[in-house]
Amino acid sequence: MDYKQCLEEAKRVIEADIEYDVPFEVKSLFPLHEWESWSKGERTTFGRLFSKEVTDGKVKSVVKYGTGKSRHNLYIEVKK
């Protein structure tokens, strides 16, 4: 799995499709069939990578928002 390519795709989706001030989970950045085709380990690894990129400020205008009811991280795109 090419995590770098997946991260770039996630950034493109955020810029094009995610609304400001609306919380989202990482899995919502990919088509459901694609996300579910990844193994649990791949999803977990990508989620950790995405979280670190957000924390390090490498995903423009996105901040951690908290956790959802399933304890998955939520993110939000903010205007800068």
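This is a predicted model: local features need pLDDT of at least 70, side-chain atom pairs count only at pLDDT 80 or more; totals for chains, interfaces and linings use all residues.

Trainee: Why does Glu19 count as exposed?

Mentor: The relative accessibility of Glu19 is 56%. Exposed means over 50%, so Glu19 counts as exposed. The C-alpha atom of Glu19 is separated by 8.6 Å from that of Ile76, 57 residues apart along the chain.

Trainee: How many aromatic pairs are there?

Mentor: The count comes to eight aromatic pairs.

Trainee: Why is the pair of Phe24 and Tyr75 called tilted?

Mentor: The ring centres of Phe24 and Tyr75 are 6.1 Å apart, and a pair requires centres within 6.5 Å. Their planes stand at 35 degrees; stacked would need under 30 degrees and edge-to-face over 60, so the pair is tilted.

Trainee: What makes this pair a tie between parts apart in sequence?

Mentor: Phe24 lies in the loop between H1 and H2, while Tyr75 belongs to strand E2 (residues 73–77), so the pair ties together parts 51 residues apart in sequence. Both residues, Phe24 and Tyr75, are buried.

Trainee: Why is the aromatic pair of Phe30 and Trp35 called stacked?

Mentor: The angle between the planes of Phe30 and Trp35 is 20 degrees, with 6.1 Å centre to centre. Planes under 30 degrees apart count as stacked.

Trainee: How do you know that Phe30 and Trp35 are buried?

Mentor: Phe30 has a relative accessible area of 6% and Trp35 one of 11%. Buried means under 20%, so Phe30 and Trp35 are buried. Phe30 and Trp35 also belong to one aromatic cluster with Phe24, Trp38, Phe46, Phe50 and Tyr75.

Technical notes: Residues are numbered from 1 along each chain as its sequence is written. Side-chain values use heavy atoms; hydrogens and water are left out. Buried means under 20% relative accessible area, exposed over 50%, partly exposed in between (1.4 Å probe, protein chains only). Rings of Phe, Tyr and Trp (its six-membered ring) pair if their centres lie within 6.5 Å; planes under 30 degrees apart count as stacked, over 60 as edge-to-face and the rest as tilted. Helices (H or I, at least four residues) and strands (E, at least two) are DSSP runs, numbered from the N terminus.
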